[in-house]
Structures are given as C-alpha cells and as structure tokens.
Amino acid sequence: MALVEVQVPDIGDFDEVTVIELMVKVGDTVKAEQSLITVESDKASMEIPSSTAGVVKEMRVALGEKVKQGSIVLVVEAAGAAVAAPAVAAFAAPAVAAVAAAPAAPVAVAAQVVSGPVQVHVPDIGDFKDVVVIEVMVKPGDAIKVEQSLITVESDKAAMEIPSSHAGVLKELKIKLGDKVNIGDLLAILEGTVAAAAAPVAAAAAPVAAVAAAVASTLAAAPTPLAAAAVAAPAHAPGGNTVGLPHASPSVRKFARELGVPLEEVKGSGLKGRITEGDVHAFTKAVMSGAAQTKAQAAKAPAASGGDGAALGLIPWPNVDFAKFGPIERKEMGRIKKISGANLLRNAIMIPAVTNHDDADITDLEAFRVSTNKENEKSGVKVTMLAFLIKACVAALKKYPEFNSSLDGDALVYKNYWHIGFAADTPNGLMVPVIRDCDKKGVLQISQEMGELAKKAREGKLSPAEMSGATFTISSLGGIGGKYFTPIINAPEVAILGVCKSTMEPVWDGKQFVPRLMLPLSLTWDHRVIDGAAAARFNAFLGQILSDFRRVLL
C-alpha cells in the first residue's frame with residue numbers, strides 16, 4: 001500500500017478554476033478515472049478524475065478554493081499497482097506541446113473589419129458529435145460581442161457554452177432548442193460592420209476543447225487505462241448520479257452565486273428541466289415578494305414562531321419546565337396552524353400595518369336581509385350579512401383601487417378583478433376560501449357559494465385553487481362577540497377588513513337618541529401602499545354603502 005497524491009491534470013488554457021463540488025470524502029473507495037471534484041471557469045465546468053484507485057485518506061481542497069494544473073486534490077492509499085499522477089503530465093505533455101508548437105501566425109492576425117452578413121459556425125468543441133442545444137442565450141436583434149456566449153450545448157458528459165466569433169447585430173438564428181450540432185455547423189448570421197475575432201476562430205473560441213482534443217488524441221495511442229482520465233470532461237450529465245450539481249450552465253450558476261440564490265431549489269424551465277437565467281430571476285422575485293421561501297428561511301420560521309427569537313435578533317425565549325408547577329398535557333399543533341403560523345409571523349413582522357376602527361349603521365340593511373331570507377325560504381339559500389359586506393367592499397375597492405393592489409418591488413400591481421377571501425373557522429384551524437369575480441355576482445349567488453366553500457373548509461376538502469388569488473380579505477367574528485380587533489394582512493394583499501358582532505346602540509340623530517344597529521369595522525392596511533387619509537375615506541365610504549345599500553348601484 002502506498003500513499004499517492006492525486007493532482008489536477010492539464011485542463012487547458014486556464015490559470016485558476018474554482019472548486020464548485022466535492023464528489024468524494026475521506027474513507028471513500030475510488031476507482032481510476034472516477035470523478036473527484038467539479039471545477040468551473042467563466043465558460044466551462046469540468047470534472048476532475050482520479051489517476052489511481054484506492055481509499056481516500058485526505059482531502060486537500062475545499063469548496064470555493066481555486067486550483068490549477070498540478071494542485072493536489074487528495075491523497076489516496078493506492079491498492080496494488082498505482083498509476084502515479086505524474087504519468088498524466090507525461091502523456092499530456094506531447095499533446096500540449098504540439099498545440100503550443102502549432103503555427104502562431106494565424107493567431108497573431110489582427111482583428112479584421114467585415115461589412116455585411118457574417119456567418120457564425122460551431123467552433124472546434126473537441127471529440128464530441130451531435131451535441132444537443134439545451135439553451136439559446138440570444139435572439140434576433142440582439143447586439144453581439146466577440147466571444148459572447150450564444151448557445152449552450154450538452155453531451156452525455158459535457159456542458160459548454162458556444163461563443164460568437166464576430167461582433168454585430170444578430171439577424172437570424174439557424175438553430176433552436178433540441179437541435180443537434182457538430183463542428184462547422186452554421187449557428188447564426190450577423191449583419192452590419194462587425195469585428196472578427198483573431199483567426200483561427202475555432203481555436204480561439206474553444207481553447208479548452210482544442211487542448212483537450214489534442215491530449216485525448218495523444219493518449220489514445222498509449223496502451224494505458226489512463227487515456228480517458230487525463231482529460232477533464234466538463235461537468236453535469238443530466239441522467240447521471242452527480243449529487244449537488246444543478247442542471248444549469250456555468251454562466252447561470254455564476255449568476256445565481258452572485259445573487260445568493262440556492263440553485264438546487266430553483267425549478268428549471270429549460271430543456272430537460274435545465275435552469276435558465278430567467279428561472280433565477282423568477283425565483284429571486286418570488287422570494288423578495290414573500291411568495292416563496294428558501295429552505296433556509298423555512299427552517300428559521302418555526303424557530304422564530306416557536307420561540308427562541310434568535311432569527312429576529314431578540315433575547316432567547318423563556319425555556320420553562322411547566323411540569324414542575326403542576327400537571328400538563330402536550331399536544332402537537334395541527335398542520336394548518338403550523339403553516340398559517342409561519343405566514344402570519346412573516347406578515348406581522350414585514351408589513352407596517354395600521355388599523356382604523358369605525359362603526360357602520362346597518363339597521364336598514366339588516367331589516368332588508370331578514371325580509372330577503374323570508375322571501376327566499378324555499379330556495380334554501382340563507383343570506384348573511386357577510387354577503388352584503390362582500391358586495392360593499394367590491395364597490396369600495398373599485399373607488400379606491402390601491403386597496404386592491406399588491407407590491408411588486410418598487411411598483412404596484414393594480415388588479416382588475418375582485419376576488420374576496422373570507423376567514424372560515426374550522427375544527428382544523430382558520431382557513432380562507434376565495435369567492436372569485438364578486439363584482440359579477442349578486443348577493444344570493446355569493447351567499448350560496450360562501451355556504452358551499454365554508455362546508456368544504458369544515459370537511460377539509462378545499463382545494464389549493466379555492467384558497468388562492470384573493471385581492472382582499474374579510475375576517476368576520478360574526479355573532480361570537482367582541483367590539484374591535486386588529487386582523488393581520490394576508491400577503492401579498494395590502495388590506496384586510498375585520499368585522500365583529502353588531503350591537504344596538506343609541507345614536508344621536510340631531511334631535512334625539514334613537515336605537516340603531518351598529519356594525520364594528522376594523523380596517524388594517526399596509527402603510528407602504530396606503531396612507532391614513534385614504535384608509536379613513538375607504539372606511540367612511542364603506543359605512544355609507546352599508547347604511548344605504550342603494551349606493552352599490554351608483
């Protein structure tokens with residue numbers, strides 16, 4: 001048994017590349033040619049193979065470190081006759097030397113100016129045939145720079161970006177997603193006055209591939225199993241068992257790292273589920289708006305809601321042994337309460353909420369509701385005050401559209417639809433069914449739908465679609481009691497209306513006190529979107545409609 005240092009072989013014209021994945025650990029048994037780490041440059045990702053078989057005794061690199069040719073990756077206790085790493089250099093040297101000794105004149109030619117249509121072809125991409133186009137990075141009309149990446153191609157073991165040999169305006173793309181291409185295939189046509197890259201284009205466009213092909217050619221003639229291992233193949237096989245490496249091009253992974261996006265949590269929309277730059281943008285936008293959470297955020301939420309407060313920078317939550325004070329019973333919270341608890345905590349902390357309290361005179365409306373139910377006894381549909389509230393809120397939302405909006409970064413999204421959510425108390429916890437297009441429905445239809453949704457909520461049969469898309473929510477305590485309360489806004493909405501039990505109260509009519517049925521209203525609103533004056537007007541207008549429902553028709 002001998003200890004062998006496994007080094008980074010010749011990886012082409014790159015000084016330093018970053019280690020983005022460790023594929024083995026101390027104690028693992030590795031085979032010759034087995035991939036050990038993945039490294040990445042600006043344009044390519046490569047797996048570094050082992051030059052010998054044995055047991056990993058020591059790792060010499062870590063994630064994020066820079067390595068280059070000759071850097072020690074790990075130490076292996078070799079089993080049997082080991083092929084030492086220097087042999088790689090010995091076999092690779094003639095090929096590299098051959099490439100270096102190639103005539104230098106074409107490379108030294110100054111960039112030439114070409115006027116008119118210019119064809120861009122697939123450069124030398126090494127010993128690969130029929131590689132699949134998995135990402136198109138440009139579109140007609142784009143201004144293209146020399147060596148700007150145009151497409152990403154992928155074989156069973158390699159993922160690489162193909163750069164442009166010229167600069168100019170892209171007039172026509174000759175390939176599409178899913179096409180198979182080879183060296184020399186026409187990719188695109190540029191037009192205008194364009195500067196050509198230094199000739200030969202193929203060699204300048206893909207120095208890694210050119211060197212790799214030359215090394216492979218030299219090694220192929222050598223009677224050694226190291227032939228394939230000496231060339232570092234670019235990383236990521238979509239069907240392979242590579243753990244931790246996202247299905248994305250090097251530039252997309254670099255972009256995600258710059259934004260701090262956990263790429264393994266992003267769902268790809270590209271070919272074979274490949275992650276595109278647009279997917280990274282969409283994921284970032286969803287997290288910033290609160291519509292999605294990273295796994296790290298989700299892990300912190302229970303801790304914050306359950307109690308130590310560390311995620312909020314607070315002093316630790318009291319850790320009390322309640323049993324020492326008397327008998328206790330411990331019950332786990334239900335799934336719905338766990339989910340809603342995390343959302344409520346986020347909304348309560350992140351939204352600068354203010355609540356306005358007011359009273360609405362519903363004496364006449366209640367009398368109309370009672371008479372309507374008497375007239376419609378045979379229909380089986382019971383009209384509730386909440387149905388009238390929904391119609392009244394739609395009228396107020398139309399008059400004050402910022403209450404029917406949502407924040408999107410520094411912009412407001414005004415919705416031209418009115419879907420109203422209502423809080424339903426169920427044995428499993430609070431749920432919020434949504435009645436859609438309330439502006440197009442009458443009070444009777446709203447009452448019927450509300451009854452059906454409330455029943456499904458109690459039975460635990462609500463679908464996700466029936467609880468999504470609300471633009472405004474009403475939380476009604478109905479006949480339970482209470483006067484006022486402060487409901488928590490249901491993000492990404494910007495306001496919520498809380499309603500308590502109506503009570504008969506003496507109201508001064510200018511001459512005397514008369515008994516009137518008053519409904520307490522509690523409007524909570526997001527101060528980033530709405531100011532106090534607008535909230536007061538909304539509540540006042542809502543009260544006017546409830547006191548004289550004919551205003552809904554205006």
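Trainee: Does phenylalanine 388 count as buried or exposed?

Mentor: Buried means under 20% relative accessible area, exposed over 50%, and partly exposed in between (1.4 Å probe, protein chains only). Phenylalanine 388, at 2% relative accessibility, is buried, whereas phenylalanine 368, at 47%, is partly exposed. This is a predicted model, in which local features need pLDDT of at least 70 and side-chain atom pairs count only at pLDDT 80 or more, while totals for chains, interfaces and linings use all residues. Residues are numbered from 1 along each chain as its sequence is written, and side-chain values use heavy atoms, with hydrogens and water left out.

Trainee: How many aromatic pairs does the structure hold, and how are phenylalanine 368 and phenylalanine 388 arranged?

Mentor: A pair of aromatic rings is described by the distance of the centres and the angle of the planes. Rings of Phe, Tyr and Trp (its six-membered ring) pair if their centres lie within 6.5 Å; planes under 30 degrees apart count as stacked, over 60 as edge-to-face and the rest as tilted. There are seven aromatic pairs. Phenylalanine 368 and phenylalanine 388 form an edge-to-face pair, 6.0 Å centre to centre with 65° between the planes. Phenylalanine 368 belongs to helix H9 (residues 363-375) and phenylalanine 388 to helix H10 (residues 385-399), so this pair ties together parts that are 20 residues apart in sequence. Helices (H or I, at least four residues) and strands (E, at least two) are DSSP runs, numbered from the N terminus.

Trainee: What is the arrangement of phenylalanine 403 and phenylalanine 538?

Mentor: Their ring centres are 4.3 Å apart and their planes at 25°, so this pair is stacked. Because phenylalanine 403 lies in the loop between H10 and strand S20 (405-408) and phenylalanine 538 in helix H12 (residues 532-547), the pair ties together parts that are 135 residues apart in sequence. Phenylalanine 403 is buried at 0% relative accessibility, and phenylalanine 538 is buried with a relative accessible area of 0%. Ring pairs join Phe403 and Phe538 with Tyr400, Phe472 and Phe541 in a cluster.

Trainee: Which residues touch the most other members of the largest nonpolar core?

Mentor: In soluble globular proteins, nonpolar side chains tend to be buried together. A nonpolar core is a set of buried Ala, Val, Leu, Ile, Met, Phe, Trp, Tyr and Cys residues joined through side-chain atoms within 4.5 Å. Of the 53 residues in the largest core, those touching the most other members are Phe403, Phe472, Ile474, Leu497, Ile530, Phe538 and Leu546. H10 gives the most to this core, with 12 residues.
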